[in-house]
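Here's a quick tour for anyone meeting this fold for the first time. Have a look at the model, then read on.

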Amino acid sequence: MKKIFNIAFTVVLATLTMVSCKKESLLYDGPVLGHFQSAASILYVQPENFTVDIPIGLTKASDKDVILTIKTAEGSTAEEGVQFDFASSQVVIKAGELLGKVTVVVNFENAGEPSNLIIEIEPGENTATYSNQYNLKIQQFCQFVQEDF
């Protein structure tokens with residue numbers, strides 16, 4: 001009787017071990033969504049520094065090109081056409097890739113007082129509901145030349 005109990009117990013224990021050891025996949029399996037890789041940065045604009053690239057990523061690679069439209073968000077104090085321009089209002093992330101970039105062209109002469117450029121990804125089928133805004137602080141930087149004083 002003891003032998004039958006030990007065999008039954010071993011079979012039940014082995015069955016439970018096999019069933020309970022199923023590992024869950026840690027890979028993302030949701031939709032392809034675009035989002036900014038970070039939330040903010042500061043750009044000290046110098047005469048020779050006119051552009052900044054802001055990375056945009058996807059939650060996973062797509063089998064087709066993903067096009068995200070960029071615009072200036074409400075609350076932005078930087079004025080498009082004055083302090084900055086977008087190199088393009090659309091970011092194309094090629095099929096199979098995860099990263100793209102928004103290129104902002106800053107006008108050094110009009111940078112003047114520090115301003116905040118708030119960029120957002122326009123809502124669409126491939127727009128994440130998180131990290132879809134980016135705050136770029138634009139500040140003119142003039143190097144100090146001691147001989148000028």
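## Aromatic pairs

Phe36 and Tyr134 are both buried, where buried means under 20% relative accessible area, exposed over 50%, and partly exposed in between (1.4 Å probe, protein chains only). This is a predicted model, so local features need pLDDT of at least 70 and side-chain atom pairs count only at pLDDT 80 or more, while totals for chains, interfaces and linings use all residues. Residues are numbered from 1 along each chain as its sequence is written, and side-chain values use heavy atoms, leaving out hydrogens and water.

The structure holds two aromatic pairs. Rings of Phe, Tyr and Trp (its six-membered ring) pair if their centres lie within 6.5 Å; planes under 30 degrees apart count as stacked, over 60 as edge-to-face and the rest as tilted. Phe36 and Tyr134 make a tilted pair, 5.5 Å centre to centre with 40 degrees between the planes. This pair links distant parts of the chain: Phe36 sits in strand 1 (residues 34-36) and Tyr134 in strand 9, 98 residues apart. Strands here are DSSP runs (E, at least two residues), numbered from the N terminus.

What about Phe84 and Phe86? Their ring centres are 5.3 Å apart and their planes are at 75 degrees, so this pair is edge-to-face. Phe84 is buried, with a relative accessible area of 1%, and Phe86 counts as buried at 12%.

Next up is an open sheet of five strands, in the order 2-9-8-4-6 with mixed pairing. Its edge strands are strand 2 and strand 6 (90-93), each pairing on one side only. Two strands pair if DSSP finds at least two bridges between them.

Strand 2 and strand 9 (residues 133-140) run parallel, joined by six bridges. Val45 has Gln140 in strand 9 as its bridge partner.

Strand 1 pairs with strand 3 (residues 51-58) in the antiparallel sense, over three bridges; His35 stands opposite Gly57 in strand 3. Strand 3 is also joined to strand 7 (residues 99-106) by seven bridges, again antiparallel, and here Thr51 stands opposite Val105 in strand 7.

## A patch on the surface

Which residues form a nonpolar patch on the surface? They are Ile42, Tyr44 and Phe141, with about 290 Å² of accessible area together. Accessible areas come from the Shrake-Rupley method with a 1.4 Å probe; for residues, only the protein chains shown count as cover. Patch residues have over 30% relative accessible area and no salt bridge, with nonpolar side chains (Val, Leu, Ile, Met, Phe, Trp, Tyr) joined within 5 Å and like charges within 9 Å. A salt bridge is a side-chain nitrogen of Lys or Arg within 4 Å of a carboxyl oxygen of Asp or Glu.

Ile42 lies in strand 2 (residues 40-45). With a relative accessible area of 48%, Ile42 is partly exposed.

Terms used: Helices (H or I, at least four residues) and strands (E, at least two) are DSSP runs, numbered from the N terminus.
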